[in-house]
Amino acid sequence: MERFAFILHPLRQSDFTRKYPILKAIPFRWVEEAFKHVPPRVLSHITGIESQTGAQAEGWFIAVPMTPRVLLETPFEKVLPQIVQAGRMAEELGARIIGLGAFLKVVGDRGVSVARALSTPVTTGNSYTAGSALQGALLAAARMGIRAEEAKATVIGATGAIGSVCARILAKHVAEITLVARNRERLEALQEQIAPATSAEVRVSTDSRTAVRDADIVIAVSSATDVLVEPEDLRPGAVVCDVARPRNVSSAVYEKRNDVLVIDGGVIRVPGENVDFGFNFGFPPKHAEACIAETIILALERRYECFTLGADISVQQVEEITRLAHKHGFEVAGFRRFERAIPDEEVEQIRRNAGRAGAVEPPKVFTG
Ligand SMILES: NC(=O)c1ccc[n+]([C@@H]2O[C@H](COP(=O)([O-])OP(=O)(O)OC[C@H]3O[C@@H](n4cnc5c(N)ncnc54)[C@H](OP(=O)(O)O)[C@@H]3O)[C@@H](O)[C@H]2O)c1
């Protein structure tokens, strides 16, 4: 039996009030401040994971009770001991690899200091986040009747850790790609690297709103704290994969545009008849976020190493984790938006609203 742990944190008020309803009566800011001093705790025991190779894994969710605001506002030197304490709890439970959830890998140095302080390998899960965002975006585009090889794509945050690897891979599958960020010099350097390796036209832009205007596929993965894409910016039938946290796409797009498909990224089905996460983190049963899936895949593969740490993610890492996901029976199985699953019928309706013809086959982005 392989063993892993995944350290996560509450994202919103309901993550506290679900367990302690009385906290609804107290201003959320007070709750956040009080809980940031509470030590990490084991949330659940994860059982029933079984790869199609026969390998089995069990794990634990461990919570650091800090919200995104607290994590972003607290100096990293004060956050780090909490994450390391959670990591030590994971080690005591027998975990041989530890994944970092949500903002725990955004603050500080993307897991490097956490890994240094522990004797167990740590992964951020960002390689599979990138791979599954691409798979999710291209699958969603195909469901919307968009042929990738004829499509115009835009990557917002293209020079970032996740954005640049997404742009490198996506450029091989579309007709045109626009790379967006604020720093033009870095954009042009990336354009120079990508252009020789693709037949797609590669453009750069520092204006995200105009850069998405004629895009069929948008991957939004910038670290901007303000919304960058508004409802009027998008063409009918566009697919937008908003990986960024906080989101780059205004929630008004979802409210006002019934002809645009906005997704959070791919939802991953975890293999095993009796998978039980022991905790409701808002996903359908047996499904998880890609960063959780990356941690489990590495355990099943006995790859007890710091697979994804820091800011550099290579195409090879994304290809490898996606190949291992396929080997162990993990797959992108639907879409989510604002923490809710999007039913197939809704995707169909959005496609019809956009006046697009029927679904097409998605391109094969990664070889199995
Ligand atoms: N959903 C998930 O599971 C998940 C997992 C990991 C990370 N994330 C999120 O993904 C995002 C990117 O993470 P990362 O680690 O790749 O970040 P990163 O390496 O810091 O890259 C950020 C990118 O955004 C660009 N950018 C920042 N502000 C911008 C603006 N106002 N307009 C246009 N571009 C802007 C940066 O370039 P310039 O500075 O030149 O503008 C850079 O290209 C973050 O929001 C993070 O929270 C989500």
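**Exercise 1. In which helix is the place of E348?**

*Solution.* The structure is a predicted model, in which local features need pLDDT of at least 70 and side-chain atom pairs count only at pLDDT 80 or more, while totals for chains, interfaces and linings use all residues. Residues are numbered from 1 along each chain as its sequence is written.

Step 1. Helices (H or I, at least four residues) and strands (E, at least two) are DSSP runs, numbered from the N terminus. E348 belongs to helix α13, which covers residues 344-353.

Step 2. The next step concerns burial. A residue is buried if 20 or more other C-beta atoms lie within 10 Å of its own, exposed if 12 or fewer, and partly exposed in between, with C-beta atoms placed from the backbone. E348 has 14 other C-beta atoms within 10 Å and is therefore partly exposed.

Step 3. Between E348 and Q191 there are 157 residues in sequence and 35 Å in space, C-alpha to C-alpha.

**Exercise 2. Describe the chain as a whole.**

*Solution.* Step 1. The chain contains 13 helices and 15 strands.

Step 2. Its radius of gyration is 20 Å, close to the 21 Å that the globule rule gives for 368 residues, so the chain is as compact as a globular protein of that length. The radius is taken over C-alpha atoms, and the rule is 2.2 Å times the number of residues to the power 0.38.

Step 3. Along the principal axes, the C-alpha atoms fill a box of roughly 50 × 50 × 45 Å. Of the 368 residues, 48% are buried.

**Exercise 3. In what order do the five strands of the open sheet stand?**

*Solution.* Step 1. Strands of a sheet pair through backbone hydrogen bonds, either parallel or antiparallel. Here two strands count as paired if DSSP finds at least two bridges between them.

Step 2. The order is β2-β3-β1-β4-β5, and the pairing is mixed. The edges are held by β2 (41-50) and β5 (122-123), each with a single partner strand, so one side of each has no neighbour in the sheet.

Step 3. Strand β4 (residues 98-100) pairs with β5 in the parallel sense over two bridges. I98 has V122 in β5 as its bridge partner.

**Exercise 4. Trace the pairing around strands β6 and β7.**

*Solution.* Step 1. Strand β6 (residues 152-156) has five of its five residues buried, so the rest of the structure largely encloses it. On one side lie K152, T154 and I156, on the other A153 and V155, and all of them are buried.

Step 2. β6 runs parallel to strand β9 (residues 217-220), joined by four bridges. A153 has I217 in β9 as its bridge partner.

Step 3. β6 also pairs with β7 in the parallel sense, over five bridges. The chain passes from β6 through helix α7 (residues 161-170) to β7 in a right-handed β-α-β crossover. Right-handed means that, with the strands pointing away from the viewer, the path from the first strand over the helix to the second runs clockwise. The bridge partner of K152 in β7 is E176.

Step 4. In β7 (residues 176-180), four of the five residues are buried, so this strand too is largely enclosed by the rest of the structure.

Step 5. Five bridges also pair β7 with strand β8 (residues 201-205) in the parallel sense. V180 stands opposite S205 in β8. Together with helix α8 (residues 184-194), β7 and β8 make a right-handed β-α-β unit.

**Exercise 5. Which of the 29 residues around the ligand come nearest?**

*Solution.* Step 1. A residue is near a molecule or strand if its C-beta atom, placed from the backbone, lies within 6 Å of it. The nearest of the 29 are G157, G160, R182, N183 and S222.

Step 2. The elements that give two or more residues to this shell are α6 (126-143) and α7. The largest share, three residues, comes from α7.

Step 3. By type, the shell holds 14 nonpolar, 11 polar and four charged residues. Ala, Val, Leu, Ile, Met, Phe, Trp, Tyr, Cys and Pro count as nonpolar, Asp, Glu, Lys and Arg as charged, and the others, Gly among them, as polar.

**Exercise 6. Compare A102 and R110.**

*Solution.* Step 1. A102 lies in the loop between β4 and α5 (112-117), and R110 lies in the loop between β4 and α5 as well.

Step 2. A102 has a positive phi of about 40 degrees although it is not a glycine. The phi of R110, also a residue other than glycine, is positive, near 55 degrees.

Step 3. A102 is partly exposed, with 18 other C-beta atoms within 10 Å, whereas R110 counts as buried, with 21 C-beta neighbours inside 10 Å.
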